[in-house]
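Some labels in structural work rest on cut-offs.

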Amino acid sequence: MSKKILVINGTVSPEKTSYSIALTKRFIKHYQTLNPQDEFIYLDLNKTAMALKTLTVDNFGTFFNAEDTDFYVDQLKSVDKVIISCPMNNFNVSGLVKNYFDHILVADKTFSYKYSKKGDAIGLLPHLKVQILTTQGAPYGWYLWGNHTEYLRGTWEFVGAQVNEPILIAGTKVSPMKELTPEQLVDQYDEQIQKAVKTF
């Protein structure tokens, strides 16, 4: 039975120089080899009006609406899997991804405290399987307080999704990795990518 996969692009880098996009393309290539019948839906947050809206005191009353919240919550409910691609920007996810989460993390839509234990929540998207693909300029461990990969994992698990082991390419801005093209660097992770594809 075919599956629907939502691919969320959260990078602000141009495609030609983006390690995140190169990683995503390689993951999808290997995935399609094993699952040629599955359908892909692409969501580029750069070209999505919702992801360009930041929550402020001035728009709080209208921020959560049918166009910007319900549509994207319903989209998540209509697919089986999510691939989310995001680089580290200033020690966190990109602003695009943060705006996306701000719109879809809504009580009684993607999570609920009803019938939950004190201090806990029940995720309302347990049907989802999520693959996180992240990149960062610094080597892993330099800024653990800004672990955007774990932030993404925790957020998706909060809404009940099953998260496949994330793939992080770290150190893209230091030698010798910075001398490589995105595709050349992704080549070094090809075995890890193929392994992840088999469990996604």
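Q: What makes Arg26, Asp187 and Asp190 a network?
A: Arg26, Asp187 and Asp190 are linked by salt bridges. A salt bridge here is a side-chain nitrogen of Lys or Arg within 4 Å of a carboxyl oxygen of Asp or Glu. The structure holds eight salt bridges. This is a predicted model: local features need pLDDT of at least 70, side-chain atom pairs count only at pLDDT 80 or more, and totals for chains, interfaces and linings use all residues. Residues are numbered from 1 along each chain as its sequence is written, and side-chain values use heavy atoms, with hydrogens and water left out.

Q: Why is the contact of Asp68 with Lys53 called a salt bridge?
A: The closest N and O atoms of Asp68 and Lys53 are 2.9 Å apart, and the limit is 4 Å, so the pair qualifies. The pair links distant parts of the chain, 15 residues apart. Asp68 sits in helix α2 (residues 66-78), Lys53 in the loop between β2 (39-44) and α2. Helices (H or I, at least four residues) and strands (E, at least two) are DSSP runs, numbered from the N terminus.

Q: Why do Asp68 and Lys53 get their accessibility labels?
A: Buried means under 20% relative accessible area, exposed over 50%, and partly exposed in between (1.4 Å probe, protein chains only). Asp68 has 4%, so Asp68 is buried. Lys53 has 34%, so Lys53 is partly exposed.

Q: How do you know that Asp70 and Lys109 form a salt bridge, and which labels do they get?
A: Their closest N and O atoms are 2.9 Å apart. This pair also links distant parts of the chain: Asp70 is in helix α2, and Lys109 is in the loop between α3 (95-104) and β4 (111-112), 39 residues apart. Asp70 has 27% relative accessibility and is therefore partly exposed. Lys109, at 29%, is partly exposed as well.

Q: What makes Lys98 and Asp102 a salt bridge, and where do they lie?
A: The N to O distance is 2.7 Å. Lys98 and Asp102 both lie in helix α3, four residues apart, about one turn of the helix. Lys98 has a relative accessible area of 36%, so Lys98 is partly exposed.

Q: How does the lining of the second largest pocket divide?
A: Six residues are nonpolar, three polar and three charged. Ala, Val, Leu, Ile, Met, Phe, Trp, Tyr, Cys and Pro count as nonpolar, Asp, Glu, Lys and Arg as charged, and the others, Gly among them, as polar.
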